[in-house]
Every structure is written in C-alpha cells, then in structure tokens.
Amino acid sequence: MNHWNALADKHQAVNDRPIKQLFEDPSRAKNFSAQAGDMYFDFSKTNIDAETLEALLALASEMKVPETREAMFQGARINETEDRAVLHTALRNLDGEPVMVDGADVMPEVLDTLAAMRTFAEKIRGGHFTDVVNIGIGGSDLGPAMAVCALAPYHDGPRCHFVSNVDGADIADKLRDLDAKTTLVIVASKTFTTIETMTNARTARAWMIDHGGDPAKQFAALSTAPDKTVEFGIDPAHVFGFQDWVGGRYSMWGPIGLSLMIAIGPKAFDAFLRGAQDMDRHFRAADLQENLPVLLALVGIWHNQICDYATRAVLPYDERLNMLPSYLQQLEMESNGKGVMRSGDDSPRHTGPVVWGASGTNGQHAFYQLIHQGTRVIPCEFMLAAQGHEPELAHHHQLLVANCLAQSKALMQGRTLDEARAIVAAKGFEGDDLERQACHRVFPGNRPSTTLLYPQLDPFTLGQIIALYEHRVFVEGVILDIISFDQWGVELGKELATTLQPVVDGTKDTSGEDSSTAALVDFIHRHSA
Ligand code: F6P
C-alpha cells in the first residue's frame, strides 16, 4: 500500500482518539519534540503517534526529500518552469564555501555585494539621513518590513518606512511627514517592472524634486535588472544586484534586505544571516526524524493533506512578529498554492493550505472563539520567546507565556458536558435551563497545535525562524511533487489589469467587457470626480 493510503487509513483509525490520551505515555513530549541549537519544536499536542510519524517519514523518503534538498543546496535547476537554480541559501553562506551554478562559483559575487551593502549602509547610518523609504511589493517588501518590526530593539539607524500598495493612500501617508532632503528612497524590485513599485517610485521621485531633495544622490535600487535601474536614473554606485536564482519571496537575505541592514547595522544583519545559515546546516545534515523543517512540514502534511484541515493559523506570542503571518502568507501560499504537479498533471490532492494568523494575545480576543468552538478544525502554530526585551516588564512576559501555554492546553483538553454542567450549576442554573446553558460552555477539545520556543527574538533567532519556514515550504512542496519556486498564478490578474486600465480611465468604452465588469466600471465613473 502506498504511504498516502496508509496515512489516510491511519487518520480514519485515530480520528476520534483524544490527543490527551497520548499523554498517558510519560515520554510523549520528549518523543514528539525536537531541537535545533537552542530552538525547541513541540508537536506532541497533535494526533501524530509513532506509527503515523514513521509513515510520514517514509513518505518524505519516498518523495526524495533528502536528494532534492541536496540538489537545491548544490545549485540544481529545481525551479523547472523558469529553468532556474534556487539558491537563497547562498546569500547566507557567510563562510563562502563554493556554490556552483553552470560551472561557476557564485560566492565571490555574493560576498562582494554584501560588502558593498555594508559600506553603503554604514554611510547612510553615519550621514544626515533621518528616514529610509523602501518601495517594493510582495517579496520586495514583506521580508524587510516584517524583520524591521521584529528587530525593533536593535534598530539604531534611520527610521524605516515601507510603501507597497499602488493605492496612493499608502505613499501619501508615508511621505506626508518626511523631510525630502534627509530621506533615502530605496526602490526594491527584482524585475524592476512591477507596476505598483514603478508607479510609487516615480511618485517618490517627483515628491523629492518638489521638496528640495536630490534623487541623483538619494535614490538606491535593488534589482536583478541593472540596465532598468540605470534607465530610471539611479546612480550605478547605489545599485545592488542579485541573480535570478533568488526568488522574490526568498530574497530578504541579500540586497532586498538593505533597509533592514540600514536599520539594525551590518553587524546585527550578519547575525541575522548567521541564524539562517545555522538552520541551513541543521536542515542539510540532521536526520529526517530530528530535522525541524522536515518535522514542521510533516505536521503540515498530516493536518492539511491527510486530515483535510484547509487552513493553518500562525500565532506568534511575540508582538514584534505581528507581520509574520502576512510574510508567511506569501512565502507559503505563493510557493505551494499550485494545482498541477511537476509533470503538469493535476495534483490528486489539495496542495498548500490557507495560512493566516495574528499575534497573541490579540487574536484571543478576536478569532479564537472559532478555533475553540467552531465547527472547523484549525491547526495552530504557536511561537514564543523564553524572554522579552523589557526586563522591567517581566510580569507582562509571564502573562504572555501563561496565555500561550494555556491556549494549546485548552485546545487539546477541551471541556466536557459534565464539566460544563458543574460550572453552570455553581452559577445557580437548574433543570432545562442548566442543560441549555451547559451546552454553550462545552469545548470539543482534541484540536491540534504545535509550539516553537526560542530564547529571545534577536537577529540570529529571527534568521533561524525564517529559514526554518522556508525549508518547511520546500519539504512540503517536494512531498506534494509541485514546483514551489514559480508563481504563474499571479500573471493573469496582472495582464487583465493592464487591459482594463484604458477602460477605467475612459479612453476605451466598456463594450468588450462582461456585463458585471461593465456595470462596476460604470458605477465608478458615475461616482468619481
Ligand atoms: O506577486 C508576484 C511577484 O512576482 C512576487 O513573487 C514578488 O515578490 C513580487 O511580485 C514583486 O516582484 P518584484 O520584486 O520583481 O517587483
């Protein structure tokens, strides 16, 4: 029997088994957790038992996870539809061991660019700049924006702002209070053709000229297309290039991370790279059953493909990771939201899940109701630091920790009808009223979660966390036999937006449009000045 069928049968067999029953084994937590350096991953509060884990590991081996992992690190062209290598790991290969693409070592260029970024970042940090505006979208925005927020305690450079949306509200609100003479604008775009970014870049340039700044001195660009940056008028000395083997959503480790480097300084940025490199080494060398990215991926496969839970919630109990769910949405959904396998055949099963979430404890007061008592099961991924950065507020951190641990416990344990009856009886309810009131206070429990613990959210740890998730996405993609590194699904909307533009601005009529689009355009025309 193949491993998918065996896992499906296993799911049927254990579906009604309470997770808490698994804790009758005193070594449950020990056997269903793993550590990489000082990062601890607990997946014991899931319904995965030893037999399931063995089947999941066998599936990973059958799908050639170890071989494909090695192929990725060695620069094979595993992004088959774009015929590209996938080498974001080279960007954090700080010790410079050769990485060959087409017979040439890419490391000298990677390290030269990193050195140039450091020099530039130090110049900006030591100069008169008060603010940096990063203009980019998707992978050219979410990574640095998320990391600048996450590493706020290490931020000792100019203020950083991120403009991504083509909605003029975004750039208008961000530029409003800035001094054009002391602002550096970074145009971050792998392709340097993305309509949102180029539109915002032109608006920022006009703003700077109008307000006494000098774009020749105050614009920088991050791109794989240096010719286009020069065409835009950016000084080549301010252009930091990278190669097409860095995917947009995997790019924050190189030039796309420039705003982060300016914010926290080259030394802390190096620590961030070191953290990712540490996770790379663990991922590449550790046995599958002790390998954090592999285990995280297998838990994902179990929940999303075998148990058919359509979403997963990422719940960092770390306020500074409040942009992580958005970052992971792009990383996971753009990578694994595919309908066909590598062969081009339709996937016989669901692929990437819907990823969503928010920081704890805020989420508790918003959507946890549904997670606890709703009709859908939502696997939860908790994250928590052993300590915060505010020693004077240690009691806040203790409350944060207690809340995080309480949530995974409550999701697993639930509350029975009898327990609920006792609670409402103590409140004075009786008879039918007691029964009815009790029903509303029942928690089904048996809702799975994992918890990732780390000592403190410092640059090294953030690097570990992001690399952990990158490799998790990779492993899930290999097991699903899909290509995780292209994104053809974003193309059609872009094309149609281009053809609709003249209809929207009125230079073309709506006669060629479907009646819904025509009516929408008509309403907009009637209600705009
Ligand atoms: O949304 C599609 C996409 O190509 C992403 O993959 C990418 O991160 C984003 O657009 C921005 O692209 P670029 O860096 O080329 O402007």
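Helix H17 (residues 417–426) and helix H18 (residues 431–440) have axes that come within 8 Å and cross at roughly 120 degrees, the axes being lines fitted to C-alpha atoms, for helices over the stretch in contact, and the angles running from 0 to 180 degrees between N-to-C directions. That makes H17 oblique to H18, since angles under 35 degrees count as roughly parallel, over 145 as roughly antiparallel, 65 to 115 as roughly perpendicular and the rest as oblique. The model is a predicted one, in which local features need pLDDT of at least 70 and side-chain atom pairs count only at pLDDT 80 or more, while totals for chains, interfaces and linings use all residues. Residues are numbered from 1 along each chain as its sequence is written, and side-chain values use heavy atoms, with hydrogens and water left out. Helices (H or I, at least four residues) and strands (E, at least two) are DSSP runs, numbered from the N terminus.

**Helix packing**

- H17 passes H18 in a right-handed crossing; a crossing is left-handed if the near helix is turned anticlockwise from the far one by less than a right angle, and right-handed if clockwise.
- Leu417, Ala420, Arg421, Val424 and Ala425 of H17 make the contact with Leu434, Glu435, Gln437, Ala438 and Cys439 of H18, where contact means heavy atoms within 4.5 Å.
- By class, the contact of H17 with H18 has seven nonpolar, one polar and two charged residues, with Ala, Val, Leu, Ile, Met, Phe, Trp, Tyr, Cys and Pro counted as nonpolar, Asp, Glu, Lys and Arg as charged, and the others, Gly among them, as polar.
- Helix H3 (residues 50–62) packs on helix H13 (residues 292–306) at an angle of about 105 degrees, with their axes 10 Å apart, which makes H3 roughly perpendicular to H13.
- In H3, the residues Thr52, Leu53, Leu56, Leu57, Leu59 and Ala60 meet Leu295, Leu298, Ile301 and Trp302 in H13, and by class this contact has nine nonpolar, one polar and no charged residues.
- The axes of H14 and helix H19 (residues 459–480) come within 10 Å and cross at roughly 25 degrees; H14 and H19 are therefore roughly parallel to each other, and H14 passes H19 in a right-handed crossing.
- From H14, Leu324, Tyr327, Leu328, Leu331, Glu332, Ser335 and Asn336 meet Ile466, Tyr469, Glu470, Arg472, Val473, Glu476 and Gly477 in H19, and the contact has seven nonpolar, three polar and four charged residues by class.

**Salt bridges**

- The count comes to 34 salt bridges, each being a side-chain nitrogen of Lys or Arg within 4 Å of a carboxyl oxygen of Asp or Glu.
- Arg249 and Glu334 meet through their side chains in a salt bridge (2.9 Å, N to O). Arg249 lies in the loop between strand S9 (239–241) and helix H11 (258–264) and Glu334 in helix H14 (residues 324–336), so the pair ties together parts that are 85 residues apart in sequence.
- Arg249 is buried, with a relative accessible area of 4%, whereas Glu334 counts as partly exposed at 22% relative accessibility; buried means under 20% relative accessible area, exposed over 50%, and partly exposed in between (1.4 Å probe, protein chains only).
- Glu390 and Arg320 also meet in a side-chain salt bridge (2.8 Å, N to O). This pair links distant parts of the chain, 70 residues apart, with Glu390 in the loop between strand S12 (380–385) and helix H16 (394–413) and Arg320 in the loop between strand S10 (311–317) and H14.
- Asp522 forms a salt bridge with Arg526, the closest N and O atoms being 3.3 Å apart; being four residues apart in helix H21 (residues 515–526), these two are separated by about one helical turn.
- Asp522 counts as partly exposed at 38% relative accessibility, and Arg526 as exposed at 55%.
- A network of salt bridges links Arg312, Glu332, Glu381, Arg472 and Glu476; Glu332 of H14 and both Arg472 and Glu476 of H19 are also among the residues of the H14 and H19 contact.

**Backbone features and a buried threonine**

- Gly360 and Thr361 are joined by a cis peptide bond, with omega about 10 degrees, and Thr361 is found in the loop between strand S11 (354–357) and helix H15 (368–373).
- Asp102, although not a glycine, has a positive phi of about 50 degrees; Asp102 is found in the loop between strand S3 (100–101) and strand S4 (104–105) and is exposed, with a relative accessible area of 64%.
- Asn446, likewise not a glycine, has a positive phi of about 60 degrees; its place is in the loop between H18 and strand S13 (449–454), where Asn446 is partly exposed, with a relative accessible area of 25%.
- Thr113, in helix H5 (residues 107–126), is buried with a relative accessible area of 16% and, leaving aside its neighbours within four places in sequence, is in contact with Gly241 and Pro255.
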